[in-house]
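I opened the model to look up a few local features and the overall make-up. My entries follow in the order in which I made them.

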Amino acid sequence: MSLTICFKRQQLGFFVKTDLLFKDVRTMQLYAPAQLDQLQRDLPYFNEITDWVKNFLAKPHPELGRSGPVCPFVPRALQLNTIRLEVIRAKDLEQQQIEEIVKRYRDVFIELEPKQGDLAFYKAIMLVFPDIPAEDAFKLIDGVQQKLKPFFVESGLMLGEFHERNEGEGLHNPNFRPLRSPIPMLAIRFMAESDLPFLDRLTDEPQVRIQYLEAYINRLSTTIKDERKLTNARKALALAHAQLEQGNTVELIQIEPIQVEPNQTEPAQTPSKCPFARLVNLFNRPFRLSF
């Protein structure tokens, strides 16, 4: 007779459920003995990521460049128990195979409770890849994230890449590396209004920025708290459209110095060559966005 044990899988670990009268069967999963062996092998990775989430992401850092925890989202998510972890065994898998695995988690995330309301905002899935060596993380983690980011963004989601050699800079301190984790990982969460800098990078092609910014506006236009970010997103979208219409080629033009009257305190601006200056003049607004 085969043995089947009932488990309730919880955020940041596993909890054995021995009460057979437990009513919420939607949160229960059935495991065969071989699966339990795999869970035992995966448990150290769950524990290591758990410690990193609690002691790094959820805590302040002297190099962060602002007050508060490294990730403002995490402390409340821990409190609400809305973070889910999964270990993905990727040994000998090619990038495309990993992409197909990660893509399936978009729908898993969307269907995962809570689906609506304030609690849903703090929902996250962390996909942990212990079999990917550090030297391959740039290709297999960053590469998958770059390839699948549009797929997730179009659904109002963000896909973040983490590994110990990640060179992503902090928004408030370029010398800080907030995306470094002890094990390679991809994280899925809902888009937040603070994500605008990640969706409006001039290194992305105009059509890509248009896709990202439209998703940002559609997702947050009715719930955003800081209207300045929504205004900046619309300006950035108009700028991306203009750049696309210009065929992604903008001449370098000379900007005339702005003369300051004697009673003004700001010094005159020096001549500047800006590849986007013509587009900026089209909209008669500053190019630099404030966050």
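Entry 1: I began with Asp-92, which counts as exposed because its relative accessibility is 69% (buried means under 20% relative accessible area, exposed over 50%, partly exposed in between, with a 1.4 Å probe and protein chains only). Asp-92 sits in the loop between β4 and α3. Helices (H or I, at least four residues) and strands (E, at least two) are DSSP runs numbered from the N terminus. I read a phi near 70 degrees for Asp-92, a positive value in a residue other than glycine. I then looked up Asn-81, which has a positive phi of about 65 degrees and is not a glycine either. Asn-81 is placed in the loop between α2 (73-80) and β4 (83-87). Asn-81 counts as partly exposed because its relative accessibility is 31%.

**Entry 2: ground rules.** I noted that this is a predicted model, in which local features need pLDDT of at least 70 and side-chain atom pairs count only at pLDDT 80 or more, while totals for chains, interfaces and linings use all residues. Residues are numbered from 1 along each chain as its sequence is written, and side-chain values use heavy atoms, with hydrogens and water left out.

**Entry 3: a cis bond.** I checked the peptide bond from Glu-113 to Pro-114 and found it cis, with omega near -5 degrees. Pro-114 belongs to the loop between α3 (95-111) and α4 (117-121). For background, most residues other than glycine have a negative phi, and most peptide bonds are trans.

**Entry 4: strand β7.** Is β7 mostly buried or exposed? I found five of the six residues of β7 (residues 185-190) buried. I next looked up its partners, where two strands pair if DSSP finds at least two bridges between them. Strand β5 (residues 124-128) pairs with β7 in the antiparallel sense over five bridges, and Leu-127 has Leu-186 in β7 as its bridge partner. Strand β6 (residues 157-162) also pairs with β7 in the antiparallel sense, over six bridges. There, Gly-160 is bridged to Ala-187 of β7.

**Entry 5: α5 against α7.** The axes of α5 (residues 137-153) and α7 (residues 206-220) come within 9 Å and cross at roughly 35 degrees. Axes are lines fitted to C-alpha atoms, for helices over the stretch in contact, and angles run from 0 to 180 degrees between N-to-C directions. I listed Lys-149, Pro-150 and Val-153 of α5 as meeting Gln-211, Tyr-212 and Ala-215 of α7 (contact means heavy atoms within 4.5 Å). By class, I noted four nonpolar residues, one polar and one charged in this contact; Ala, Val, Leu, Ile, Met, Phe, Trp, Tyr, Cys and Pro count as nonpolar, Asp, Glu, Lys and Arg as charged, and the others, Gly among them, as polar.

**Entry 6: Ala-236.** Ala-236 lies in helix α8 (residues 227-245). Ala-236 counts as buried because its relative accessibility is 5%. I looked up Arg-209 as well: Ala-236 and Arg-209 are 27 residues apart in sequence and 8.5 Å apart in space, C-alpha to C-alpha.

**Entry 7: the whole protein.** I noted nine helices and nine strands. Of the 291 residues, 41% count as buried. Among contacts with a separation of 6 or more, 65% come from residues 24 or more positions apart.
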